Amino acid sequence: MKAAVLHNYGQELKIEDVELEEPRKGEVRVKMKAAGICHSDLHVIDAHLPLPVPIVLGHEGSGIVDAVGEGVASVKVGDHVALNWVPSCSKCYYCKIGRPDMCDEASKISLMGTMLDGTTRFSVDGKAIHQFPLTGTFSEYTVVPESAAIPIRKDVPFELAALVGCCVITGVGAVVNTAKVKAGSTVAVIGAGGVGFNAIQGAALCGAKQIIAIDIIPEKLEMTRQFGATHTINASEKNVVSAVLDVTDGLGVDYAFEVIGRPETMAQAYNITRKTGMTVIVGLPAPNENVTINAFSLPSQTKTLTGSWLGQGNPSVDYPKLLDLNAAGKLKLEPLVSKIYSLEQINEGFDDLKAGKNIRGVIRFD
Ligand code: COD
Ligand code: ZN
């Protein structure tokens, strides 16, 4: 079985034969059909997200259940599934209060590159290969906990189904679940990548009257309009704060979303939020980075500054819902897929991601 393995940070992934253990109790094996290439995978390659190597990356994926371990009840062989990289334990404090995105069990292993029990199912010559926590979708097959395999409708192309697992739920959820954007409000999204495009269409779904897309790539900015952006700002040409004030009667926006993961753009998101508005940070910075914002503004402008992880979603409920919204024509998934790659072309996919060429590049396993 072939998988793409990262052996050392900063290097290309190597396509090689990897052994995969049979699913243990409560686990399922998935024959992968499609996997999205997300910036978070690139964060690992660039050593910004400190997961151990060697590792099979990839956390946005879909496929068909091919084998189930003892006791598995929620999926069966033949089911189409989209994978979930934050499976909830349903026992910890956060799962109990209805915040599975903050599950303590999932957090514990989030930087371990393993399954929930701290072990991994991939190996080469008896030597363990890590996996993107609970997933590892850049592989012809993967083994995941039952709660990481969410059954989905069978009439959706796999490359679209793959996207709900990260960029769609993260972007749409930040807007719908975390910010709860109100109809008629003003929204800015900094970073028009796979996740940012979904924040934009989430804002359109909520009925925002003004949606300002901010990026540094003109072609991407142009494309945001078909997802509902009403204004675009090229951050490499204009001062973002003044440009946003210009189009919002000097107020700033009701809601600003940072979808890149850089301290400068996080501060920018806060600074373009109007008094009493809300700033939502979606992008993940390196663990040691800090943001500088004006301390006086905290009490004097009473803005809400918060974060959003996995779009504050609940995958087993939200994936099917997001795919239904797509089937109803209310959520665009087709135009998110800019280019299809084979597993062998994965490094080209990462080069294109770095160059900002795609909304989403997706690997098809055939
Ligand atoms: N100003 C404006 N836009 C910029 C700037 C800038 N200074 N710098 C870069 N950009 C743009 C790029 O041109 C690009 O279009 C966009 O920002 C980033 O998009 P992508 O496609 O590279 O990245 P995504 O959308 O795949 O992922 C971005 C996240 C930040 C959401 C992701 O990397 C992340 O940090 N996720 C949050 C943590 C998380 O949930 N991780 C686990 C799974 S994602
Ligand atoms: Zn992702």
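This is a predicted model: local features need pLDDT of at least 70, side-chain atom pairs count only at pLDDT 80 or more; totals for chains, interfaces and linings use all residues.
## Basis of the model

Local features require pLDDT of at least 70 and side-chain atom pairs pLDDT 80 or more, while totals for chains, interfaces and linings use all residues. Residues are numbered from 1 along each chain as its sequence is written, chains are lettered from A and ligands numbered from 1 in the order in which they are written, and side-chain values use heavy atoms, without hydrogens and water.

## Shell around ligand 1

Ligand 1 is surrounded by 26 residues (a heavy atom within 4 Å), and His-39, Ser-40, Asp-215, Leu-284 and Arg-360 are the closest. By class, the shell comprises 14 nonpolar, nine polar and three charged residues (nonpolar: Ala, Val, Leu, Ile, Met, Phe, Trp, Tyr, Cys and Pro; charged: Asp, Glu, Lys and Arg; polar: the others, Gly among them).

Polar contacts here are pairs of N or O atoms within 3.5 Å. The side chain of Lys-220 places an N or O atom 2.8 Å from a ligand 1 oxygen, and a backbone N or O atom of Gly-194 lies 3.1 Å from an oxygen of ligand 1. The side chain of Ser-40 has an N or O atom 3.2 Å from a nitrogen of the ligand.

## Thr-224

Thr-224 belongs to helix H6 (residues 218–224) (a DSSP run of H or I, at least four residues). Thr-224 is buried, at 0% relative accessible area (buried: under 20%, 1.4 Å probe, protein chains only). Residues in contact with Thr-224 include Ala-192, Phe-197 and Ile-200, with residues up to four places away in sequence not counted (heavy atoms within 4.5 Å).

Key: A polar contact is a pair of N or O atoms within 3.5 Å; within protein, one must be able to donate a hydrogen and the other to accept it, and residues adjacent in sequence count only if both atoms are side-chain atoms. Helices (H or I, at least four residues) and strands (E, at least two) are DSSP runs, numbered from the N terminus. Buried means under 20% relative accessible area, exposed over 50%, partly exposed in between (1.4 Å probe, protein chains only).
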